[in-house]
Amino acid sequence: MDKKTDLLQGTLDLLILRTIALEPLHGWAIGQRIQQISKDVLQVQQGSLYPALHRLEHRGLVKADWGPSENNRRAKFYSLTKAGRKQLETERASWERLAAAVAQILETA
Amino acid sequence: MEWLNAFVNSARSLFRRRRDEQALNEELRFHVDRQIEQNLAAGMRPDEARYAALRSFGNTAVVGEETREAWGLRAFDVWRQDLKYGLRMLRKNPGLAAIAVLTLALGIGANTALFSIVNGVLLNPLPFPNSDQLVMLHESKPNFQAGAIPYLNFLDWQRENHTFASMALSRGYSFNLTGTGEPERLQGQWVTASFFGTFGVKPVIGRDFTSDDDQYGAGPVALISASLWKRKFGSAPDVLGRTVRLDGRGYTIVGVIPASFDLRVWNDQRSDIYAPIRIWNHPGLRSRQAALWLHGIGRMKPGVTLEQAKADLARVAANLAAAYPNADRGTSASMEPLRERIVGRVRPLLLVLMAAVGIVLLIACVNVANLLLARSTGRSREFAIRAALGAGRARVIRQLLTESVLLATAGGGLGLLLAWWGTRAGLAALPMAIPRSQEVGLDGRVLLFAAAISLLSGILFGLAPALRISRTGLDNVLKEGARGSSGANHRVHSILVVAEVALALVLLAGAGLMIRTLARLWRVDPGFDPHNVLAFNVGLPPSMTKGSPAAIRGYIRSLEETIESTPGVRAVSLLGGSFPMWSEDDWTFWLEGQPKPQSESEMNGVLNYQVDPGYLSVMNIPLERGRFFTTHDDEHSAPVVVVDDVLASKFFPNQDPLGRLIHFNGAPGPSEIVGVVGHVKQWGLDSDDQNTLRAEVYEPMRQQADEAMGLVSGGVGVAVRTSAPDGPEEMIEPLRRTLRQMNGEMVVYGFESVQNIISDSLANRRFSMILLGAFAALALVLASVGIYGVTSYFVGQRTQEIGIRVALGAQRRDVLQLVLGDGARMTLIGVAAGLAAALGLTRILTKYSLLFGVSATDPLTLLAVALLLTMVAFAACYIPARRALRVDPVIALRYE
């Protein structure tokens, strides 16, 4: 059974962490934001967000609270914990290292 | 840190499952609805919007599943599923479950019971702080390692040593308690002031002795036991300061010792009262030679090893030997750890029993494995389908092992109950058999042991069926008409049966040897006739403690006459010194014509018995030469003694000892030997022959020195031969009455039939024989049930085949041969393997001196048990074989 996502597991986690770093969002909004900011380049299979979000919550990197959404219905909002913030920095650093390495190879090889 | 969060969250999710599920549903629904909203806003029609939203979301079920997986409960869920399924399977087969659980309960219960004994006796430290610092101290003499310590030597050891934090002495004594309710006889101890401090025991109320209490001429004080406090004083706190009269003297109670202090190293009774040893003021305390049965205890300083302590005391003793050559030449100090002294002699026994009961558990596991294996062929279809649906082999094995562990856990729970009940019953029946038996119980370690062996058993017996069943090939099972694999399983069954027959034989051999040992021991002639002999003690009235030697002599003479005149008494003798298997006293001597040795350690040792002329009739000891004492041998006539044949042959080889003179150390003059009697087994039916001190001498009670009369006034032993038809105990009441009439202040106590004394000396052999016998019987039952089960099963499997054979003309004899042949082969191979193993293993029994009079490879015993097992096994095969005979070929052939 293959998951229909263009992104690797770890990358999705990174994007989620970054997206909620500024303000708490619910699952749907996170997906929209990612799509928006990347100008539709990154199409996230909406369903795959939830396993990722719950995994992050299980690991203690994000925490969730229920609250009213923009259309006045109850929704589950995710925000970063301190551990999450630290993880974000770590992941971001390794992503940039990876990207630089790939770029280097494309350049010179 | 993350894993900690994950773990905590998993645990939380366990409890909030339902709420979390609902929350998740709500969350996902919100998402889809929001998407629908967006689609509607973009202009789609309602059904279009919905369809598009769901499509872009993905498969809701899969998303839900994956999200739930993130909660980390997968492993738990799988396990719970296994458990539920296992329980359901067992419920469908209550018969199988019941048999398996019962078999396992017997095996696990027996193991747990024995382990609780091993735990309480061997593993747990003694109930004192830092108990491994405690040692027992002895003075060693040239022919005797563990001798008593003279008081003056002890004081020097205490002063001069460098390695001990504290040392103490104690000496058992029985006191007459009067003035507090009923007069009674109390078992007590004279102790040095340091006694309780050395152990680290603090009084419950009041205070311990101080060195001021332990001085000659100090005011007498006493410490009492908690049980005496309860019995005589109702546990009232005002007991401190009250006085008790012991042997006519007043002692002030200064404290109460906790009930947990129950040291029974030197005798088997609980001590109720303790008093400082100098209050006893026995003249022997001022002599460097008198042993007085003073027993020593020491607590080594922290960090000191046993070797260092031994070397240190050896140095001190050597200095004493040089300073006091008359008393101490040739003596030294010896010691052993206290725990070793208490439990050392039962350790080999308990370990052998532990091994035996482990074998029983193995047999039980084999039986259950056979059972499950037989059942498993009926389930091979079920597992083949599971495998077809994608269950991996590991998953199937795990499922089956879960079922086995469930069975084992149920068996373990029941076994724990059996163990608890059985241990209590067993120890109550034979309390003297095991030291520290009061400390045996179900503590944490025992429970852990029970859980561990349950788990291990479950895995052990579950493995064979699990491995077999998971290997089932899909194709040959799903074919119509297939009846399960027979060939390979058959072999596993056979091997298991052979194994359990062999194991049962080993146990039977061990038990058989122990039974023969005990039978041999019972037949050993102790040198006297113990039947119808009663022994007891009489405490003289308090007025006698200040009496003159002549008055005391007169009193005991009339005491003897009173006892003799009691109807039912055939012969009587007062006792002093040693009594076979009860108490020891020894003297030293040299023979007339030899120069007097310089120091006591160069003299010869001999066991001494002070008796009356009636002793020979009481004990029926054979008189070999000369004469025994008469009433004329008293304090006015020449001193005479009677020796035993061991002394005669050792010291007067090929000569006539009659008329020869013998000098006893401390006696005013020599005594003449007037008779030779047979030797009595002082040290026990089994151990007497190996003891170094076996020579025996008898002295007339009336010829004891005046100084000895002082000790007699404290109490004297009595032995009577009775003519009561129902046993000597019948005479207890009449004797009590007669003596009470003679003098109401005499305390008569300690009644014991001499036959009982002998059987008590064999108590721990009896205990091990009973247990080993019980285990062997259990093994026999389990093994025969196993053989019966497997043979039945084989018959069932081969019903069709038998039907065909009969239809083709096979006779009864042929069918029997077919079925029995299997059983016979398994039995014989098993018995042969068991014999081989037994020949190797029973050596262990000899190595630990558990056998007597029979060798570890005694052919008679081995043959007998082999025959027994074979016959029982054949009987177990025969019953199903007869069933095979009744197979109707028509029905068998029709059966698919």
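**Notebook: chains A and B of a predicted model**

I began with the division of chain B, which comprises domain 1 (2-72), domain 2 (76-131 + 344-485), domain 3 (143-329), domain 4 (486-526 + 758-896) and domain 5 (541-745); the bounds come from an automatic or database domain assignment. I noted that the C-alpha centres of domain 1 of chain B and domain 2 of chain B are 45 Å apart.

I recorded the conventions next: this is a predicted model, in which local features need pLDDT of at least 70, side-chain atom pairs count only at pLDDT 80 or more, and totals for chains, interfaces and linings use all residues. Residues are numbered from 1 along each chain as its sequence is written, while chains are lettered from A and ligands numbered from 1 in the order in which they are written.

**Entry: chain A**

I found 4 helices and 3 strands in chain A, where helices (H or I, at least four residues) and strands (E, at least two) are DSSP runs numbered from the N terminus. Along the sequence I read the pattern α-β-α-α-β-β-α in chain A. The C-alpha trace of chain A spans about 55 × 30 × 30 Å along its principal axes. Of the 109 residues in chain A, 35% are buried; a residue is buried if 20 or more other C-beta atoms, placed from the backbone, lie within 10 Å of its own, exposed if 12 or fewer, and partly exposed in between.

I then traced the sheet of chain A, an open one of 3 strands in the order β1-β3-β2, with antiparallel pairing. Its edge strands are β1 (25-26) and β2 (62-68) of chain A, each pairing on one side only. Two strands pair if DSSP finds at least two bridges between them, and β1(A) and β3(A) pair antiparallel over 2 bridges. I located L25(A) opposite Y78(A) in β3(A).

**Entry: the contact between the chains**

I counted 17 residues from chain A and 22 residues from chain B in the contact; two residues are in contact if their C-beta atoms, placed from the backbone, lie within 7 Å. On the side of chain A that touches chain B, α2 (27-37), α3 (46-58) and β3 (74-80) of chain A each supply at least two residues. Which element gives the most to that side of chain A? I found that α3(A) does, with 7 residues.

**Entry: helix α17 of chain B**

Helix α17 (residues 444-470) of chain B has 27 residues and reaches 37 Å from its first C-alpha to its last, close to the 39 Å expected at 1.5 Å a residue; the expected span is 1.5 Å times one less than the number of residues. I noted a bend of about 40 degrees in α17(B) at L463(B), with a proline, P465(B), following within four residues. The bend is the angle between axes fitted to the seven residues ending at a residue and the seven starting there.

**Entry: strand β10 of chain B**

Strand β10 (residues 295-300) of chain B is largely enclosed by the rest of the structure, because 5 of its 6 residues are buried. I saw it pair with strand β1 (residues 134-141) of chain B, antiparallel over 4 bridges, with V135(B) opposite G298(B). Strand β3 (residues 164-178) of chain B also runs antiparallel to β10(B), joined by 6 bridges, and S166(B) has R299(B) as its bridge partner.

**Entry: S271(B)**

I placed S271(B) in the loop between β8 (249-257) and β9 (273-276) of chain B. Is S271(B) buried or exposed? S271(B) is buried, with 25 other C-beta atoms within 10 Å. Leaving aside neighbours within four places in sequence, S271(B) is in contact with Q187(B), G188(B), Q189(B) and S225(B).
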